[in-house]
Amino acid sequence: MTAMRGSLAGPRVLLRRLREVMAEPIGAQERLDKIVGLIAANMVAEVCSTYVLRADNVLELYATEGLNPDAVHRATLPVGRGLVGLIAAEARTLNLPDAQSHPAFAYLPETGEERYHSFLGVPVLRAGRTLGVLVVQNQSYRSYLDEEVEALQTTAMVLAEMIAAGEMEDLAVPGADLDLNRPLTLAGASFSDGIGLGHVVLHEPRVVVTQLIAEDTDLELKRLDAALASLRLSVDDILARGAEAGQGEHRDVLEAYKMFARDRGWTRRLNEAIQAGLTAEAAVEKVQSDTRARISRQTDPFLRDRLHDFDDLANRLLRELMGRPHGPIEGDLPDDAIIVARSMGAAELLDYDRSNLRGLVLEEGAPTSHVAIVARALGIATIGQVHDVVARVEPGDAIIVDGETGEMHLRPAGDIESAYADKVRFRARRQEQYLQFRDQPAMTLDGFEIDLHMNAGLIMDLPHLDESGASGIGLFRTELQFMIASSFPRLSEQQAFYKSVIDASGSRPVTFRSLDVGGDKVLPYLRAQAEENPAMGWRAIRLGLDRPALLKTQVRALLKASAGHELRLMFPMVTEVAEFQRAKAIVERELAHLKRHGHAIADSLKLGVMLEVPSLLWQLDELLQTVDFLSVGSNDLMQFMMASDRGNTRLSGRFDPLSPSFLRALRKVADKAAEAGVPFSLCGEIAGRPLEAMALIAIGYRTLSMSPAAIGPVKAMILATEIGPMRDHLHNIVEKGLSGSDVRTELRAWADSHRIPV
Ligand code: PEP
Ligand code: MG
């Protein structure tokens with residue numbers, strides 16, 4: 001086996017020639033033929049061939065120098081078959097001195113390739129997606145040098161651009177469309193119900209590199225150096241500012257960036273790509289594309305995250321080189337926008353103009369994370385946990401988000417689109433049905449009335465009171481106003497805001513919750529200590545009691561805004577009864593102060609506790625003696641009881657709230673509160689899911705608070721349910737374990753056999 005000398009003319013000369021060919025006013029096939037000819041000549045290869053990935057997951061020979069020309073557009077290989085199929089399947093390079101001895105080798109008789117022994121094949125990648133395969137072959141048994149591999153990978157970028165620009169589309173044999181336009185269905189988890197039809201808008205827009213081939217390599221190397229230096233400075237700068245503000249989790253990410261920004265391997269690969277003839281930005285894109293391909297192959301979650309960090313850093317570097325600002329998209333959203341993002345905070349979602357927003361697709365997240373809660377409040381169809389979605393979409397692609405099934409359809413075929421048009425019409429009819437019983441009480445078949453309230457937090461939620469027929473607001477998340485503000489809302493601002501909520505509710509009761517910040521709810525302007533476990537950290541009432549000025553201001557604003565009404569106020573994350581008593585004392589002092597100064601204040605006051613921390617389950621007797629009402633925050637109660645972070649993608653769905661342990665805890669609360677005669681409700685996300693809500697009414701809950709869109713479906717379930725027999729059935733499953741299957745399956749079967757719509 002002999003290792004031959006590397007490319008004669010060098011990759012830069014090749015790239016220069018390619019640029020000339022790209023600029024020639026010729027047809028796509030001719031251009032492609034010239035390109036493979038140039039590569040073969042430059043690399044002293046007897047064969048150079050290009051395969052393009054089709055929508056049916058088959059690689060088709062599009063051009064060749066050296067193989068039988070009649071095989072062009074005839075020779076095909078499914079992804080995964082043969083060496084070419086293997087390269088496409090794994091998005092990685094194969095460099096083989098003796099291709100025929102490789103176990104994956106598949107002989108295509110029509111090509112006449114049996115004479116060639118050595119084989120170098122690289123994937124044609126764009127944004128981590130494989131669009132085709134580029135191959136060179138020689139008769140001799142040779143191992144291709146690193147520079148040659150690099151050169152072939154670099155020329156593959158030019159091909160990727162040609163494919164992405166749509167130049168090859170005319171060459172496709174009818175019925176064998178290119179993969180780039182292939183309809184794709186991806187499954188994730190449903191975060192917010194609804195159907196959204198529109199076009200992809202990337203939350204973090206990709207920078208499009210148009211200038212691939214360098215005019216002056218030295219200049220490009222200098223540009224890269226300068227951009228890297230300023231990238232490092234900007235990361236240091238954010239870190240320094242972050243240290244002042246004491247940002248926790250975020251800081252770890254930045255520390256990792258800082259390390260990567262100095263990573264020698266990364267810098268070396270960037271430099272090599274420029275040496276091979278690319279512009280600085282094309283070099284970043286090439287290295288980024290390789291990283292993305294590695295992300296999609298990587299199964300270790302830790303390594304995936306690290307590769308994602310490199311991907312983010314590459315984005316920053318690209319922006320640096322192209323003089324674009326960092327951060328999410330700016331300016332107006334186009335009509336019918338469906339935002340696609342890796343992850344997003346609740347506040348970021350609130351920054352978008354809702355009027356053009358039709359849907360949201362996230363790669364990460366969990367249904368009880370706050371961005372999902374806000375999406376539900378805004379009525380935006382949302383799905384999450386959609387693997388690799390960001391790399392698989394192109395801005396402007398047509399997309400359908402199905403918040404009912406948790407699926408999305410990218411570039412949907414005509415029949416899918418019309419099926420969805422039907423589905424949208426069907427849902428509209430169902431909404432009309434909900435509307436018909438909007439003003440009807442939610443009464444079970446055996447005469448139990450269930451009180452359905454809605455959760456809210458923003459002014460734009462208020463019209464939903466009338467639309468949904470909710471009997472009031474069972475949870476008003478006051479922190480949302482704080483999250484969208486750029487600084488602490490002043491007393492007068494808070495008061496005006498609460499008053500508008502009370503006015504809009506009229507005679508319907510509103511239960512305000514005091515500020516629940518911390519955990520995944522961050523206020524950009526609030527200095528907080530870095531915490532290892534923010535969800536279990538200094539948050540909610542803990543923060544309120546330690547910073548009484550904050551709590552006092554809010555209480556004062558609420559008392560004044562409630563003049564002429566009853567004020568209902570509850571405190572989040574109470575762990576010990578004493579905390580509630582301290583909070584109550586603060587409220588009473590404020591009340592006395594306002595009275596003394598002759599202010600108009602609430603007519604009456606009801607103070608309650610959110611039951612979210614399991615410790616309260618063993619203080620129920622004492623607690624029920626001091627509170628006016630209780631509301632179970634099942635999102636947090638679940639996360640603390642099951643020791644599972646509610647925002648963690650990998651854990652969501654692992655434990656079921658419809659499990660005997662959780663149901664027993666919830667029933668204990670209901671039994672005790674009923675016995676003590678203290679009003680109680682549940683306001684976590686499970687209240688809005690018909691099947692879960694059915695279980696809740698079976699164990700004694702008569703007041704539920706949920707997102708407004710859930711009221712219709714939950715009421716439809718209640719109107720068809722008889723509590724008595726269902727309660728006995730559930731009791732049997734939970735306490736006596738009468739059946740072999742789980743509670744959810746049993747309950748669903750029960751609902752189906754009793755024609756209860758869940
Ligand atoms: C809960 O924890 O169930 C709850 C309703 O509060 P939040 O989701 O805002 O934490
Ligand atoms: Mg909570």
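Colleague: What does the polar side-chain atom of Thr478 sit 2.8 Å from?

Modeller: That's the backbone oxygen of Arg513, and remember that this is a predicted model.

Colleague: Where is Thr478 found?

Modeller: Thr478 is in the loop between S17 and helix H15 (479-484).

Colleague: Buried or exposed?

Modeller: Thr478 counts as buried because its relative accessibility is 0%, and the cut-off for buried is under 20%.

Colleague: And which residues is Thr478 in contact with, leaving aside neighbours within four places in sequence?

Modeller: Tyr498, Phe512, Arg513, Ser514, Leu515 and Gln554.

Colleague: OK, on to ligand 1. How many residues surround it, and which are the closest?

Modeller: There are 16 around ligand 1, and the closest are Arg477, Arg513, Glu612, Asn635 and Arg646.

Colleague: What about polar contacts to the oxygen atoms of ligand 1?

Modeller: A polar side-chain atom of Arg646 lies 2.7 Å from a ligand 1 oxygen. For Arg477, an N or O atom of the side chain is 2.8 Å from one. Gly633 uses a backbone N or O atom, at 3.4 Å.

Colleague: How much of ligand 1 does the protein bury?

Modeller: 100% of the 280 Å² that ligand 1 exposes when taken alone.

Colleague: Which elements give two or more residues to that shell?

Modeller: Helix H11 (370-378), strand S17 (473-477) and H21. H21 gives the most, with 3 residues.

Colleague: And how does the shell divide into nonpolar, polar and charged?

Modeller: Around ligand 1 you get 4 nonpolar, 5 polar and 7 charged residues.

Colleague: Now the magnesium ion. Which residues coordinate it?

Modeller: Glu612, through OE, and Asp636, through OD, at 2.0 Å. The two are 24 residues apart: Glu612 is in the loop between strand S20 (604-611) and helix H20 (620-626), while Asp636 is in helix H21 (residues 634-641).

Colleague: Why do you call Glu612 and Asp636 buried?

Modeller: Because Glu612 has a relative accessible area of 2%, and Asp636 is also at 2%.

Colleague: Last one, a change of topic: where is Gln137 found?

Modeller: Gln137 is in strand S6 (residues 129-138). Gln137 is buried too, with a relative accessible area of 3%.

Colleague: What does Gln137 touch, not counting residues up to four places away in sequence?

Modeller: Ala45, Glu46, Val47, Leu67, Glu113, Tyr116, Ser118, Phe119 and Tyr144.

Terms used:
Residues numbered from 1 in each chain as written. Chains lettered and ligands numbered in written order. Predicted model: local features only at pLDDT ≥ 70, side-chain atom pairs only at ≥ 80, totals over all residues. Heavy atoms only, no water. Donors = N, O, S within 2.8 Å, 3.2 Å for Na, K, Ca; no water. Helix = DSSP H or I, 4+ residues; strand = E, 2+ residues; numbered from the N terminus. Buried < 20%, exposed > 50% of the residue type's maximum accessible area, 1.4 Å probe, protein only. Contact = heavy atoms within 4.5 Å. Near = heavy atom within 4 Å. Polar contact = N/O pair within 3.5 Å; in protein donor to acceptor, adjacent residues only side chain to side chain. Areas by Shrake-Rupley, 256 points an atom, 1.4 Å probe, with all protein chains shown as cover. Nonpolar A, V, L, I, M, F, W, Y, C, P; charged D, E, K, R; others polar.
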